[in-house]
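Let's take a walk through this structure together. Have the sequence and the 3D view ready as you read.

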Amino acid sequence: MQDYIIITDSTVDLPRDLTTKLSVEVVPLKFTVDGEERYDYPYTENMDIKEFYNNLRNGKTSSTSQVNPNEFVDIFTKYLEDGKDILYIAFSSGLSGTFASAKIASEELRDKYPERNIKIVDSLCASMGEGLIVYLASEMKKEGKTIFEIENWLNNNKLSVCHWFTVDDLNHLKRGGRISSIGAFLGNMLHIKPILHVDNSGLLKLVTKVRGRQRCLNFLADKMGELGIDIKSQTVFISHGDCLEDAENLKGIIEKRFGVKDVRLNTIGTVIGSHAGPGTVALFFIGKER
């Protein structure tokens, strides 16, 4: 079987030790705070994650930028020169142009390396939802699946990766154009929190609003009960915007309610965190539909 490498981007929000264990290459996107551009987690150039979230809490804003085609050419070339095929699992095309950049790079390199396979998959996922599908693909690679088998599985199953989350501060969504200024003000005054998910087009959608933090966490667990498939045997991911206590609260709820044994938590990185803000809690699992 031809050797291949799985590559993804830093919006997977997976711990560095896990991506190392999975032998996954992680391409960093960039974020800019106070006019200084930095690389996204898990690279060492990144700002300390607590410092990042404290900056947001103190009123600073962060903008983000995608990976450009030339950067992908450089990254892909080193593996192609080493005789490896490439499976790139990209951040949702509904939220970033990174997938398009990877496609441009792959088309350029196919002419130069016609004997190599370069597979670019639009995950239509974000944060640890993207991380979950990368994790499952990596496990399949360990089992001996070919690049073609995994590409086919990804395209057939990516819309089964459920993303359900809530945010604490509606103003971050307001700045992103998701809700009105009046809606953000009234929501914060009344302790109303939005429930969102990533839809089949890979876009962020506001589903409903719930009063109170605990009810929001219970709502996320309810969606798992409604949509999840064979929940007890799944590996479930929870990401959070520097609010570990809430993430552990949600973990306890789903462990008690569904008997899930493998629940993994991690902090949301700087790119996703720039738009979701501190206090975000997100639940990712495999379901019958999104």
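Helix 3 and helix 4 touch through a set of side-by-side names: Pro69, Phe72, Val73, Phe76, Thr77 and Leu80 in helix 3 meet Thr98, Ser101, Ala102, Ile104, Ala105, Glu108 and Leu109 in helix 4. Contact here means heavy atoms within 4.5 Å, and helices (H or I, at least four residues) and strands (E, at least two) are DSSP runs, numbered from the N terminus. By class, this contact holds nine nonpolar, three polar and one charged residues; Ala, Val, Leu, Ile, Met, Phe, Trp, Tyr, Cys and Pro count as nonpolar, Asp, Glu, Lys and Arg as charged, and the others, Gly among them, as polar.

This is a predicted model, in which local features need pLDDT of at least 70 and side-chain atom pairs count only at pLDDT 80 or more, while totals for chains, interfaces and linings use all residues. Residues are numbered from 1 along each chain as its sequence is written, and side-chain values use heavy atoms, with hydrogens and water left out.

The protein averages a pLDDT (the predictor's confidence in each residue, from 0 to 100) of 91, and 90% of the residues score at least 70. Over residues 178-187, however, the pLDDT is below 50. Where pLDDT is low, the predicted coordinates should not be read in detail.

Now look for ring pairs: the whole structure has six aromatic pairs, counted when rings of Phe, Tyr and Trp (its six-membered ring) have centres within 6.5 Å, with planes under 30 degrees apart called stacked, over 60 edge-to-face and the rest tilted. One of them, Phe31 with Phe52, is edge-to-face, at 5.6 Å centre to centre and 80 degrees between the planes. Phe31 lies in strand 3 (residues 30-33) and Phe52 in helix 2 (residues 49-57), 21 residues apart, and the pair links distant parts of the chain.
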